[in-house]
Amino acid sequence: MTTTLPVDEKKDDYSVIGKNPHRHDGTDKVTGRAQYGADIRLPGMMYGAMLRSPHAHAHILSIDTSDAESVPGVRAVVTAKDLPDVESKIAELGEGTINLRHQSNNILAKDKVLYFGHAIAAVAAVNPHIAEEAVALIKVEYEVLPPVLNVRKAMQADSAILHEDVRTDELGKKGDSPSNIAAHFQNQIGDVEKGFQDAHVIVEREFFTSMVHQGYIEPQNATAQYSPDGQITIWCSTQGSFGVREQVAKILDIPISKIRVIPMEIGGGFGGKNGIYLEPVVVLLSCKSGYRPVKMTMSRSEVLAATGPTSGSYIEVKMGADRNGRITAVQAMLAYEAGAYPGSFVGAGMGVIFAPYRIENALVDGYDVLVNKPHTAAYRAPGGTNAAFACETVIDELCEKLNMDPIEFRLLNGVKEGDRRVDGPVYNRIGYLETLEAAKNSQHYRTPLEGSNRGRGVASGFWFNYGGKSSASASVNSDGTISLLTGSVDIGGTRTSIAMQLAEGLGISAESIRPAVADTDSVGYTEGTYGSRTTFATGWAAYEVSNQLKEKMLERAAMIWETEVNKIQFVKGVFLYGDKQITFAQLASRLDETGGPVVASAAVRPEHSGPAFATHIVDVEVDPETGKVQILRYTAVQDAGKAIFPNYVESQLQGGVAQGVGWALNEEYLYDDQGRLVNSSWLDYRMPVALDLPMIDTIIVEVPNPGHPYGVRGVGEVPIVPPPAALANAIYGAVGVRMNTLPMSPARVVAELNKQKG
Amino acid sequence: MPVVWIPSLLRELTKGERSLIVEGETVREVIENMESRYPGVKDRLCNGEQLHPSISVVVDGHTGMLKLRQRLHESSEVHFVIAMSGG
């Protein structure tokens, strides 16, 4: 069930926005005609396979590829020696940054392997079986080193060191000696000591979360054609084709003008497909194999072992409140696993952890910590879920001690426009309190939960959202339709949500727009589909295109009626002049007689992306014998600004909750004591399936973002933030144990229950 | 003049000052003027002539996409926060 609650100051009368049209890519996807990266077949195509490290931490002493190269059918073998020796410098790639040398070494290990599954060498052969056979013949001599597998141990002075050249960075100040702590961040406002002195109740707890994977259905894949003239074409599964182009260009030291990236349909990314793994390798293999196209597709085991999971973490939280329930001070320490190379999302976690609350005294420290696990990547509100699990669980305990309703406590302390974040900036118009009111008034919250071993949990979440750079181009067709090109890969239905914003501006139907995702040579620069930015920013580009097309079509109408443009009105897709009128489609059929084609393009870089807040309610029943947690009911409330396509917004909320439930109850990377991943299949890495979840109800609150022409806020990320905390609080309500470790698997719940029994 | 909030890890250079009123019409000018009063600040915030990649500048509640070139007005509030990206 979806409920939409507009909190709009001005009444809107949209004819397209807020409706649920047929999605443009629906038929292709349900009939199997949509083309994904693994579907690519090119004449003379070779198949690639990768040799990966069996060790978590080892020096590479030698690599002998001669036996592999002599296998009939093998066309090329590449190792790190084939990669240019890039500098250890930070490159800005759209939204994010990357250390080029680290990324190069992650793509093919140079002198050291840093995690189980680290890529070492690749083979291209006439078929996949020969490629795999040849890979098995590559001889690597290792000097095995002790693995560093735990974030807290990695921070100790006597820990084995992953990178001798990494010094702890503290806002530009470098430490004196090698360390696994790549960076220390800090946010501080007010006087924490005094704030805790003023507290009537203080709760201080520690939390542990495991590394988890984004779990997209489609594995990473890439195909490259290196032409004799130096032009390169790459087909791949990515969240951002321009990002792939930039990264490949930097890693291989090739001008971006030589590279064309064609984004295929994508079977999920959730942040894990912003970076690159295979693309430079298939380019090199294509070049070395005599300019034959080469395709590589990862197995599920490779995806889990070697592509970006999100950080495991250790978090300490201390919060104090006065007798009335007002928060007086907060303190937190977050240590996030970055994996093999610096760059976890601990900074984002530091921003998320207390974001929903008005706090005058705060101290938050964050540490980016190297461990012998795959280099972490973004995962849906990266860093946020770990942080909220800690904070929102402590808040539940504060509420219990203060005998306060958890929503009333949050209403008392919740942020609104003008309040200051813990990292300093002041909020503009936000809708957190509105989500709380909607949750409080929901049928779910107003319905008492009855039965033994049952409990209800509440938690809130925040995500920054992002704007970024987007482009769109459109041309008017003579039948009244519009062909729309954007560079935004469509992961969650953004073709349609972007097309709807173009259609709204022109007063025509969403079905009249023919949206397509273009390659890097066919449309202006567009950042990837991440940061909950695509409907917001690329939608804004489409809005700008609609304004341009409207102006140009007004000129055509003026030409037909032989009058001035300013004497013509345009109302919901109809041009009006005196008693004359012509529809957009009718006018489109007369373009030839009024000057020929009408096209428009726009590029935007909006800054006012508008943060998102969510509040979730969950009911569970816990089996005290087995520790199994059964979810009975779940309601996700979220401020969407303006829901362009409500069905898609609902899907984003439900998808985020489903992933959050998996993270909360079952998912975790399991390593043996040598750092070998032991659950690298769907059978052993337990993601939730339909039977694990009830219908997830959604309440969409609409507090328009004043920084967008239609009031849009990003919606994709914040719904994964509250679920683990909401579930932990519900488990406490059910059986009285406070869970401080993710996942809250049956074994862990039973262990806590046994501790409770003494 | 714009008010600049000093990140806690930088306050060792600003003699503990948590915020400063600094003249400047752009973020770059503000940093240059801070540098003249508190030597070393620019080196911590910038990588050469660019804002350090791990830092975002937030002006009046919004991330300044123009970074050092971001325009300021008399009552602007400037923050240097941890740069981050999304999934």
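The structure is a predicted model, in which local features need pLDDT of at least 70, side-chain atom pairs count only at pLDDT 80 or more, and totals for chains, interfaces and linings use all residues. Residues are numbered from 1 along each chain as its sequence is written, while chains are lettered from A and ligands numbered from 1 in the order in which they are written. Chain B contains two helices and seven strands; helices (H or I, at least four residues) and strands (E, at least two) are DSSP runs, numbered from the N terminus.

**Overall form of chain B**

- Starting at the N terminus, the order of elements in chain B is β-β-α-α-β-β-β-β-β.
- Chain B has a radius of gyration of 12 Å, close to the 12 Å that the globule rule gives for 87 residues, so it is as compact as a globular protein of that length. The radius is taken over C-alpha atoms, and the rule is 2.2 Å times the number of residues to the power 0.38.
- Along the principal axes, the C-alpha atoms of chain B fill a box of roughly 40 × 25 × 20 Å.
- Of the 87 residues in chain B, 37% are buried. A residue is buried if 20 or more other C-beta atoms, placed from the backbone, lie within 10 Å of its own.

**The sheet of chain B**

- An open sheet of mixed pairing is formed by five strands of chain B in the order E2-E1-E7-E5-E6; two strands pair if DSSP finds at least two bridges between them.
- E2 and E6 of chain B are the edge strands, each with a single partner strand, so one side of each has no neighbour in the sheet.
- E5(B) and E6(B) are paired in the antiparallel sense over two bridges, and B:Val59 stands opposite B:His62 in E6(B).

**Helix H1 of chain B**

- Within H1 (residues 27–37) of chain B, the residues B:Val27, B:Val30, B:Ile31 and B:Met34 are buried. They cover an arc of only 95 degrees around the axis, which puts them on the same side of H1(B); the arc is that of the directions from the helix axis to the C-beta atoms.
- An α-helix has 3.6 residues a turn, so residues three or four places apart point the same way.
- The elements of chain B against which the buried residues of H1(B) pack include strand E1 (3–5), strand E2 (19–21) and helix H2 (41–45).

**Where the chains meet**

- Contact links 22 residues of chain B with 40 residues of chain A, contact being defined by C-beta atoms, placed from the backbone, within 7 Å.
- On the side of chain B that touches chain A, H2, strand E6 (62–63) and E7 of chain B each supply at least two residues.

**Features of chain A**

- In helix H8 (residues 279–288) of chain A, nine of the ten residues are buried, so this helix is largely enclosed by the rest of the structure. Among them are A:Glu279, A:Pro280 and A:Val281.
- Just after H8(A), A:Gly290 has a positive phi of about 80 degrees.
- A:Gly714 lies in the loop between strand E31 (696–702) and helix H19 (723–735) of chain A. A:Gly714 counts as buried because it has 29 C-beta neighbours inside 10 Å.
- Apart from neighbours within four places in sequence, the contacts of A:Gly714 include A:Asn465, A:Arg533 and A:Phe536.

Methods: Buried ≥ 20, exposed ≤ 12 C-beta atoms within 10 Å, placed from the backbone. Contact = placed C-beta atoms within 7 Å.
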